[in-house]
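Have the coordinates open while you read.

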Amino acid sequence: NAAIRTAAASAVATNLLARHDAKTYGIIGSGIQAATHIEAMLCVRQLESVRIWARAHEKAQKLVDTFVPKYPQVQCT
C-alpha cells in the first residue's frame, strides 16, 4: 500500500532528523495518507499532541474524531 510506504518513509526520516524531544506533530491535510502518517509518527515519537489542518474543517474534525478514542493520551486538534 502506497500510503503505508510513504508514512513509513516519513517516520524513518523523522526518527533520524527531527528533535528526539519533540512532543507535537503538525500535519497539513486530512486525506488518505494523513491517518497513516499520524500512526507512523506515534511509532517513533512519544507525542503529546497532534495538530491537524485541512482546507475543509469538517474533514479535519473527522480525522480528529477517529484518533481521540484510539489515543486518549494524545491531544488531537
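## The core

Keep in mind that this is a predicted model. Its largest nonpolar core holds 20 residues, and the ones with the most contacts inside that core are Tyr25, Ile38, Val50 and Ile52. Two or more core residues come from each of α1 (2–17), β1 (24–28), α2 (32–44), β2 (49–53) and α3 (57–70). Which of these gives the most? That would be α2, with 5 residues in the core.

Setting aside neighbours within four places in sequence, Ile38 is in contact with Tyr25, Ile27, Val50, Ile52, Leu63 and Phe67. Among those partners, Tyr25, Val50 and Ile52 also belong to the group with the most contacts inside the core.

The buried residues of α2 are Ala34, His37, Ile38, Ala40, Met41 and Leu42, and as a group the buried residues of α2 pack against α1, β1, β2 and α3. As a reminder for reading such a list, an α-helix has 3.6 residues a turn, so residues three or four places apart point the same way.

Now for the helix pairs. Here is the geometry side by side:

| Pair | Angle between axes | Distance between axes | Crossing |
|---|---|---|---|
| α2 and α3 | about 30° | 11 Å | right-handed |
| α1 and α2 | about 35° | 8 Å | right-handed |

Take α2 and α3 to begin with. They pack at an angle of about 30°, with axes 11 Å apart. Angles under 35 degrees count as roughly parallel, so α2 is roughly parallel to α3. On the α2 side, the contact is made by Ala34, Ala35, Ile38 and Glu39; these meet Leu63, Phe67 and Lys70 in α3. Sorted by class, that contact has 5 nonpolar, no polar and 2 charged residues.

What about α1 and α2? Their axes are 8 Å apart, at an angle of about 35°, and the crossing is right-handed. From α1, the contact takes in Ala3, Ile4, Thr6, Ala7, Ser10, Ala11, Thr14 and Asn15. From α2, the residues are Ile32, Gln33, Thr36, His37, Ala40, Met41 and Val44. By class, the contact of α1 with α2 splits into 8 nonpolar, 7 polar and no charged residues.

Is Thr14 buried or exposed? Thr14 sits in helix α1 and has a relative accessible area of 19%. The cut-off for buried is under 20%, so Thr14 counts as buried. Leaving out residues up to four places away in sequence, Thr14 touches Met41, Val44 and Arg45. Met41 and Val44 also turn up in the list of α2 residues that make the contact with α1.

Over in helix α3 there's Phe67, buried with a relative accessible area of 5%. Beyond residues up to four places away in sequence, Phe67 touches Ala35, Ile38, Glu39 and Cys76. Ala35, Ile38 and Glu39 are among the α2 residues that meet α3.

## Out towards the surface

The loop between α1 and β1 holds Ala18. Ala18 is partly exposed, at a relative accessible area of 30%. Apart from neighbours within four places in sequence, Ala18 is in contact with Ala13 and Arg45. Ala18 and Ala54 are 36 residues apart along the chain, and their C-alpha atoms are separated by 23 Å.

That loop also contains Arg19, which counts as exposed at 61% relative accessibility. The C-alpha atoms of Arg19 and Arg45 are separated by 9.6 Å, although the two are 26 residues apart along the chain. Arg45 is also one of the contacts of Thr14 and of Ala18.

Last stop: His57 in helix α3. His57 is exposed, with a relative accessible area of 55%. Computed along the sequence His57 and Ser30 are 27 residues apart, yet C-alpha to C-alpha they are 9.3 Å apart in space.

Key
Residues are numbered from 1 along each chain as its sequence is written. This is a predicted model: local features need pLDDT of at least 70, side-chain atom pairs count only at pLDDT 80 or more; totals for chains, interfaces and linings use all residues. Side-chain values use heavy atoms; hydrogens and water are left out. A nonpolar core is a set of buried Ala, Val, Leu, Ile, Met, Phe, Trp, Tyr and Cys residues joined through side-chain atoms within 4.5 Å. Buried means under 20% relative accessible area, exposed over 50%, partly exposed in between (1.4 Å probe, protein chains only). Helices (H or I, at least four residues) and strands (E, at least two) are DSSP runs, numbered from the N terminus. Contact means heavy atoms within 4.5 Å. Axes are lines fitted to C-alpha atoms, for helices over the stretch in contact, and angles run from 0 to 180 degrees between N-to-C directions. Angles under 35 degrees count as roughly parallel, over 145 as roughly antiparallel, 65 to 115 as roughly perpendicular and the rest as oblique. A crossing is left-handed if the near helix is turned anticlockwise from the far one by less than a right angle, and right-handed if clockwise. Ala, Val, Leu, Ile, Met, Phe, Trp, Tyr, Cys and Pro count as nonpolar, Asp, Glu, Lys and Arg as charged, and the others, Gly among them, as polar.
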